[in-house]
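Let's take a walk through a protein structure together, one stop at a time. Have the sequence and the 3D view ready, and look up each spot as we reach it.

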Amino acid sequence: MMQDYEVVVGIEVHVELATESKVFCGCRTAFGAEPNTQTCPVCLGMPGALPVLNRRALEYAIRTALALNCSIADRTKFDRKNYFYPDLPKGYQISQYDLPIGSNGYIYVDVEGEAKRIRIKRVHLEEETAKLMHAGDDIISATHSLLDFNRAGIPLVEIVSEADMRSADEARAYLSKLRSILLAMGVSDCKMEEGSMRCEANISVMPRGSKEFGTLVELKNIASFRAVHRAIQYEAARQIEVVSSGGAVARETRHWDDARGETAFMRGKEEAHDYRYFPDPDLGPIVIEKPWVDRIGDEMPELPDAKGERYMREWDLPKYDASQIADSRDLSEFFEKTCAIVGDGREVAKWILGEVLASLNATGIELSESKLTPELLAELIELVQTGKISGKIAKSVFEEVFNEGKRPGDIVRNRGLLQISDVGELVSIVEKVIDANPGPVADYHAGKTRALGFLVGQVMKETRGRANPQETNRILKEELDRRA
Amino acid sequence: MGVSKEETARIAELARLSLDEAELARAQGDLSEIVSYVNKIADLNTDGVAPTVQPCTVSNAWREDVALPSLSREEALANAPDRQGEFLRVPSIIQGEGDGE
Ligand SMILES: [Zn+2]
């Protein structure tokens, strides 16, 4: 049944911009400050207080729009979006209505190995609302709500996609690409768990191959990448169930309940807001001069896609590996620093995407929180490159480097792991192994070349993995051939 | 140009005003008068005039991103009708929950 229908998803993302001060006043934006200590008459909505635009917030919004390939408005303005809610001290939110800073952009998202273009409808700048907490077990039983106005007035960029995604997977890929772009641009820390990146999804379903979208349902309260995926899958299945049993999907807003793993009715079309937007008379018009936009574009940090292509060019990395590293700011910084020391991008990439990622996943920490540094990884790689240890030994040393930040050279010395490459020493070990294993030796002489592997293994066992593998192979063959 | 009774009721609802029949009728009359007065501006010929949302001719009045001192919590909450510890407290509102857009 699922395969008879197509899911159509559009996504609206809000990100808090990483400025020092709020968008229309000088209050700090620091996360985690004591409640209600970062406020002033402007962000508390006191009568007579007047907003003044933070230039950097506008610049970050322009940078964001450029990174998403949007056209930049040459004239823009701020509008009031009117609604009553306690998180909005003025009774309206300063936002942008008909003249968003950026429009008609796009990004490319990896969908099953293909680059799919997802269009961006608009990018605009607005102010964040206050943080509202419900006192009590849940929103229904709570008798009161508590307000922290520290968040009110933090610059917020809203990014609206077209309904170009066709599955929960695509929606998640879009979000993660968007996040990697915003992180690379340095405009936001994009922490979903701290609320500095939030997302809402518009979902509808239609018979496969249809040109006409079904009735759209808005989904709110999606607080993680995992939740995005689950919420869309749940909601799509719910709508398909309704439609295929002859019913009609209602135009409504639903709330994602992460604990229950389901969406619940929040409000219908009749209760939809009437925001009565109008230009904010407290804020003058904004003229965005072309030279300024050009300069912002020129000074823009490298985008993940461009970075990935550079890695493919400079280090001959496979596309998938290159973009996996380039899409993460942490990984790409680490990669470039390590390459600068050790000069072998392929090897560095292999380590980062192998042992490093595995250890990060296993410990659940960020790379910046680990004890591993580019210098330590470079030293480990150099030990292998210069033949001092084997790749296998290097892997066994890695864990200690990662967990304790010890220098690989020291670990190798202290644990006596230096590779044995001395021919004389290897020959005597090989002779010992041959003498002790007449059976496999006879097999080898009878043409069963697989026996060689067994004998190499015996040499490794004898040396606790320290024998130089290439040398061991060569000497073993020579010795065996001599005795044939 | 008049304002209908339905429009008046809708405007009252959006402003969270509960008006009785008499008040509604009076508001409808007042609103109609105000709207027709302001509507005179529509008689002007604005051919060739760029849309103007503001009489203010100053553009790009902005400030640099510099943090300034904020109010103390006590000052910030001094006029709050109700508070609980560090927070301002309001009656719980279910409708429109999770909005904050
Ligand atoms: Zn303020």
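**A guided walk**

Thr8(B) has a relative accessible area of 2%, so this residue counts as buried. Please keep in mind throughout that this is a predicted model. To find Thr8(B), look at helix H1 of chain B, which covers residues 5-14. What does Thr8(B) touch, if we leave out residues up to four places away in sequence? Its partners are Val3(B), Leu24(B), Ala27(B), Gln28(B) and Leu31(B).

Now move over to chain A and look for the zinc ion. Four cysteines coordinate the zinc ion through their SG atoms: Cys25(A), Cys27(A), Cys40(A) and Cys43(A), at 2.3 to 2.4 Å. Along the chain, these donors follow the spacing C-x1-C-x12-C-x2-C. What is the geometry of the site? The angles among the four donor atoms are 101 to 115 degrees, and the site is tetrahedral. Why is it called that? Four donors count as tetrahedral if all angles lie between 85 and 135 degrees. Cys40(A) counts as buried because its relative accessibility is 11%, and Cys43(A) counts as buried because its value is 6%; the cut-off for buried is under 20%.

Glu112(A) is not a glycine, although its phi is positive, at about 45 degrees. You will find Glu112(A) in the loop between strand E7 (102-111) and strand E8 (114-127) of chain A. Cys190(A) also has a positive phi, near 50 degrees, and is a residue other than glycine. Its place is the loop between helix H2 (168-185) and strand E12 (197-207) of chain A. Are these residues buried or exposed? Glu112(A) has a relative accessible area of 78%, so this residue is exposed, whereas Cys190(A) is at 0% and therefore counts as buried.

Our last stop is a pair of helices. Two packed helices are described by the angle between their axes and the distance between the axes. In chain A, helix H6 (residues 319-326) and helix H7 (residues 329-342) pack at an angle of about 110 degrees, with axes 6 Å apart. H6(A) and H7(A) are therefore roughly perpendicular to each other, since angles of 65 to 115 degrees count that way. H6(A) brings Gln324(A), Ile325(A) and Ala326(A) to the contact, and H7(A) brings Leu331(A), Ser332(A) and Phe335(A). Of the residues in this contact, four are nonpolar, two are polar and none is charged.

Methods
Residues numbered from 1 in each chain as written. Chains lettered and ligands numbered in written order. Predicted model: local features only at pLDDT ≥ 70, side-chain atom pairs only at ≥ 80, totals over all residues. Heavy atoms only, no water. Donors = N, O, S within 2.8 Å, 3.2 Å for Na, K, Ca; no water. Tetrahedral: all angles 85-135°; square planar, octahedral: opposite > 155°, others 65-115°. Buried < 20%, exposed > 50% of the residue type's maximum accessible area, 1.4 Å probe, protein only. Helix = DSSP H or I, 4+ residues; strand = E, 2+ residues; numbered from the N terminus. Axes fitted to C-alpha atoms, helices over the stretch in contact; angles between N-to-C directions. Parallel < 35°, antiparallel > 145°, perpendicular 65-115°, else oblique. Contact = heavy atoms within 4.5 Å. Nonpolar A, V, L, I, M, F, W, Y, C, P; charged D, E, K, R; others polar.
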